[in-house]
Amino acid sequence: MRQSIEFYDRLEEAYLPQHDRDQLTLHELIAALDFHLRFGAMCAAAVLRERDPDNVALGRTMGFGGLLAYLGKAARLMGNLAQGSRVAGQVVCLIAALKAALAPGIASNEFGTIEQLRNHIYHGNPVPSGTGGTELRTWVANAAAAASAAIRSFLDRSKVVVTAAEGGLDRVELRWLASRLDLWPFICADSSGNWCLFSSFARRLPTYACPGQRETRRQANGERLIVDLHRSMLPRAADSKFVDFIEDLRTDLEGFRDLDHQPHHDENDGVINMVWMRATGVGTEQRSDCFRIGANEERQWRDDGTGAWVPYTELLRTLANWPVVARSIRQYLQECEDELIAGERAHLGWNRGQGVQIEPRVRLGEMHGNRQAPTTSFAQLVTDIDDRLQVRGPETRIYFVTGEAGIGKTRALVSAALRRAQDVEAEEATRSPGTGSPLFLYVRSAGQAASKLQTVVSATVARTRSLTETAVRALCRNGLMALFIDGFDELLGGVGYDDALGSMRPWIEAMSGRGVILVSARSSYYLNQYQSSLRRNLQNQNLAVQHRVAEMLRWSPEQVGDFFDKHGIVRDSVEKLSEDDRRLLSLPFFARVYVESAAMTEAGESQLADLIVEQYLTREAGKLLAPGDQGKALLSEAELRSTFQNLAEMMAAGGERAMSDEELAFAASMAISTGDLESRRGLEKRLPVLCGITVSEGGKRFEFQHELFYDIFLADFMVKELSERRFAAVKGKMIKSQWRIATASRIVRLATTQARALLDQVCGGPTDLPAAQQEIFRVNLGTLWTELARRTGSLSGTVAEAEFVVLDLTEITTVDVLFENCRFQCLKLPPKSSWSLGLIGCEIDELWVTGTGIRLTDVSLFEEVRISQLLHQGTLLEKPGDIAAELRGLGAPLPAVEQTAEITEFEEAVGYFLGKIRTRADSLFVYEHKFRSANENSGWTRQYSDSLWYDFIRALRDSGAAELVQHSAKGSSLLRVRFLLPVDRLIERDDDEIIQRFWCEVAYRG
């Protein structure tokens, strides 16, 4: 082995030749100092790479200032290492000596530091002459000599070991008696033994500086060297963001340009000049706009009028004509609100309280475990949306607003969007560049079943007369607008449930991992069909999405009282109502029914639901009169009720909420005794005057004025079937569509005995149905059992193959039940003893054990039960081992510990991680370094040690169960975990080759 100094002298000679050092110019001396700093930085990088190859963070094109900054950062990082590593201590001393060499040395000159002098010279400025110039040269020459001496002292008594590597550059290692330092890939050796010093890695191949008579720079193409060097580099953040900006510019301008002319751009010194043709109402306008990435990576546009650099979104506001857009959307939303009021007046006979607003409450949380989320106001949901719109990726956030029919979802969305449009319109005159609130574009899905989302958005913006659907995408993508879709399940029309997320695919893809889409839907739809769709299709998703759930809550007693006060209704008047009606008052719709029906009978014998139906039937029957003076009713109220019941059943069977005029006529014909509309002369012509008839591209369609009418009439149809003991027919209809709480509650109230008989008869359910229909049946079974228990205060017998949203047993008097193969999104156990409950083969997302001092000794069976979360006395447990220990401590009859003793901690962690991914169904992002989770609210990934999560991601990747896809939104360090097969199959461990390989990886790493 040869002395290191020999190799170093050969390299330094290229900068500080021995024979004429006194003749070197100031420029040459500064170049030598640059070399000294680079050598020290490469040695520091080598020490850091030995500690962690992914945390070296070397700059790709470091100049004099960048090298100084890196040396300072490296010294801080190596401070702790120096105590346990001899070579780290040596490098720390080297850095200190190099910094000392560059210390200010001439108090009288105008340059405080050599770095300032270097910047002055390298920007083409003159060098002082005479004595001043000599003093400066002496100052820099002394600094170079001191830096050279520091490096020689560092290399003293070290020897060099060179190991062959591919690509023409070999590995160099320094060895002292008690320490060693591998300089690869920062300092290498060429075929002649000359050291080559890393210079830059700005393009495809890295560049090295090396001594030579002609070529002093060479590119390295060794695969191993490039991979190792790439791991040590800072990501190409600036480069990739610049390229991404250009691509996004082209995409955004699609919403505003003339389609016959492609935009063209050139780049100069970090400024993009885009030449394009803007489409206007009267033709085209040629534009030339300049863009750049400013401080803090802000995208900027040079304002045509002022010449100032302003946030890029100001261009989009200008192109869209923001004040006009705000005014148009405000006018459109006022029309929507007026239509709601007019519809209530015409269809429901309501005339009071149009201007009374009660702030809704929501429970805002994640897709899974939402019932533990805190309660907040709807205004806070709007604030959460505003905050999210300020974030650029990596995921498009989808908010789901759920809640019972009658909870006020439509009114809340319209009101929020209208208030925002009014605010934006008002603030525009005083707004400064880069500030201002985003707009909310409200899109109504009613009457547009099976339409594409693009079609519905286009129809909406056509009403504003100021935007296109493509322009809306650009505004949404850049945080200027959020899309509110009201009644998303109506948009699907029963045909898109198998890929509910995919129905929004074009819009989500267009968002490029940014923006906000808010969707309102029925609770049963969201909690079941949407989640199931996600679980079934997780491996097929190539989308970057994250979900938040805003569950709209019933009014509190205080809110109901406030509503009554604003209408002059005495609060105590509700005492005359039945318990069921008092419960209904917490639904805004029925609180409004009560207020509008203040003249109801003193006895209060009519149920609120029955009252609104009777009023509806009376009003509609009055429209169906025979022509002529006699005006005889063409349909009695009973026949009209039967017609609506038939329509509701047909809607349920078809998965739609709108029927054609032919289907309306068919429903009416089934309601009359003759079965022939011709026997009622003029009836068929008069049917289109019913409320709910709308005209669309598909012709005339009938819809109920409110979803609750659908729920009520569907329940009445089922009650009629049950009263005639046609259980098989009802069972067949239970697979068609999911019943909401209002439907199940009314069935149980009007036919309690028959409902229990039905449940006893269908226990277990059909097994020969497609998966989607089985799921619908299981959910309907669970909803009926839930409402039966609530009404009777008792739950007994065997409940099998049912799926529950929330089964709350805390208020149930008698519990003596066995659950077999059931699934619970939330199960709340009774707080008292003297109950009996068994669980066999059940899945429980959230198990709530309430009350103090409770024991689970009354749980008679606990076999093959999978629990994701346990909430006990305010403590949330998620790890399987913690949940099992807590349950045993409470006396639950869990299987013996010995049966699961062979499961390693890693295998337990893998099962937990897969379960979480399955239920959350969000896109999964990790950083390249240690695969740390990059998702928000990712605390679940740290329930176990970081090393177990790292090994889990490696097992997914190495087995082929998932691939790690580079994601550009956050630079090269961000990866999206894309599953290549369903997560359910990984959990179930079927005999697929990839799945077996995955679990073998788990066993090996465990």
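**Note on the predicted model**

1. An open sheet in this predicted model has seven strands, in the order E15-E14-E20-E16-E19-E18-E17, with mixed pairing. Strands (E, at least two residues) and helices (H or I, at least four) are DSSP runs, numbered from the N terminus; two strands pair if DSSP finds at least two bridges between them. At the edges stand strand E15 (375-377) and strand E17 (439-444), each pairing on one side only. From one strand to the next, the twist averages 25°.

2. Residues are numbered from 1 along each chain as its sequence is written, and side-chain values use heavy atoms, with hydrogens and water left out. As the model is predicted, local features need pLDDT of at least 70 and side-chain atom pairs count only at pLDDT 80 or more, whereas totals for chains, interfaces and linings use all residues.

3. Within the sheet, strand E14 (residues 361-365) and strand E20 (residues 545-552) are antiparallel and share four bridges. Arg363 has Glu551 in E20 as its bridge partner. Helix H13 (residues 409-427) packs on the sheet and touches strand E16 (396-402), E17, E18, strand E19 (516-520) and E20. The direction of H13 makes about 145° with that of E17. Helix H11 (residues 322-348) lies across E17 and strand E18 (481-486), and runs at about 40° to E17. Such angles run from 0 to 180 degrees between N-to-C directions, and the axes are lines fitted to C-alpha atoms, for helices over the stretch in contact. Contact means heavy atoms within 4.5 Å.

4. A hairpin is formed by E9 and E10, with two residues between them. Strand E9 (residues 264-268) and strand E10 (residues 271-280) pair in the antiparallel sense over five bridges. Asp266 stands opposite Asn273 in E10, and Asp269 in the turn has a positive phi of about 55°.

5. Two arginines may be examined in turn. Arg571 lies in the loop between helix H19 (557-566) and helix H20 (579-584). Is Arg571 buried or partly exposed? Arg571 counts as partly exposed because its relative accessible area is 40%; buried means under 20%, exposed over 50%, and partly exposed in between (1.4 Å probe, protein chains only). Beyond its neighbours within four places in sequence, Arg571 is in contact with Glu558, Gly561, Asp562, Phe564 and Asp565. Arg571 and Val560 are eleven residues apart in sequence, and their C-alpha atoms are 8.7 Å apart.

6. Arg778 belongs to helix H30 (residues 771-792). Arg778 counts as buried because its relative accessible area is 17%. Not counting residues up to four places away in sequence, Arg778 touches Glu801, Ala802, Glu803, Asn821, Cys822 and Arg823.

7. For the protein chain as a whole, there are 35 helices and 35 strands. Of its 1006 residues, 53% count as buried. Among contacts in the chain with a separation of 6 or more, 62% join residues 24 or more positions apart.

8. pLDDT is the predictor's confidence in each residue, from 0 to 100. The protein chain averages a pLDDT of 84, and 88% of the residues score at least 70. Mean confidence is lowest in helix H18 (residues 523-537), at 61, and highest in strand E13 (residues 309-311), at 96. Over residues 494-498 the pLDDT stays under 50, and the model has 14 contacts for this stretch beyond four places in sequence. Residues 599-604 also have a pLDDT below 50. Where pLDDT is low, the predicted coordinates should not be read in detail.
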